[in-house]
Amino acid sequence: MTRGRGKPKYKGHSRHFTSADQLEAERKRDEERQRRREARDGDTSSEEDSENSGSSEDESEDESKERKAKGVENLIEVSNPNRNRRAQVKTEQVEGKKAQLTRRQKEEIARQNHQKAQQECRTEQAQADLARLAIIRKQREEAAAKASAAASASKK
């Protein structure tokens, strides 16, 4: 049993190759058509350009400035606060307001302040470390004093 309908189609049987002569003839025909179009379009566009060169520029400027009304917009006055979105204004441009810092900038400043305070031994952790170091020095001095006393006692 075969799948599908009819006889199987072998790959090579339905192939058709275009000869080089036909390809060259088609290319020449396309080039000729393109030249004719350019010649025809070039003549009409150059006449239009010479007639409307001054007035078309003025009209295009007016159209770009004035927006065309859509739908019944020109008949009914619409007061939708979401209709016209203003461009975002940076806080630096608003008068009387200082630029707000981002979360990352605030964290970086806090980190720098903490490091400065720690170097100057103003934080609780730094003061605890200094107290611990003072106790260790005291213990070492006492141990050194005992060792020297023991060494002097052993010499006698």
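I started at Thr123, which counts as buried because its relative accessibility is 12% (buried is under 20% relative accessible area, exposed over 50%, partly exposed in between; 1.4 Å probe, protein chains only). The model is predicted: local features need pLDDT of at least 70, side-chain atom pairs count only at pLDDT 80 or more, and totals for chains, interfaces and linings use all residues. Residues are numbered from 1 along each chain as its sequence is written, and side-chain values use heavy atoms, with hydrogens and water left out.

I then placed Thr123: the loop between helix 2 (103–119) and helix 3 (124–155). Helices are DSSP runs of H or I with at least four residues, strands runs of E with at least two, numbered from the N terminus.

I looked up the neighbours of Thr123. Leaving out residues up to four places away in sequence, Thr123 touches His114, Ala117 and Gln118 (contact: heavy atoms within 4.5 Å). The Thr123 side chain also reaches the backbone nitrogen of Ala126, at 3.2 Å.

Next I checked the whole chain. I found three helices and zero strands, in the order α-α-α from the N terminus. Of the 156 residues, 2% count as buried. The protein exposes about 16300 Å², and carbon and sulfur atoms supply 48% of that (Shrake-Rupley method, 1.4 Å probe; for residues, only the protein chains shown count as cover).

Last, I looked at Ile76, in the loop between helix 1 (20–65) and helix 2. Ile76 forms a nonpolar surface patch with Val72 and Leu75, and together they have about 320 Å² of accessible area. Patch residues have over 30% relative accessible area and no salt bridge; like charges are joined within 9 Å, nonpolar side chains (Val, Leu, Ile, Met, Phe, Trp, Tyr) within 5 Å. A salt bridge puts a side-chain nitrogen of Lys or Arg within 4 Å of a carboxyl oxygen of Asp or Glu.

Terms used: Polar contact = N/O pair within 3.5 Å; in protein donor to acceptor, adjacent residues only side chain to side chain.
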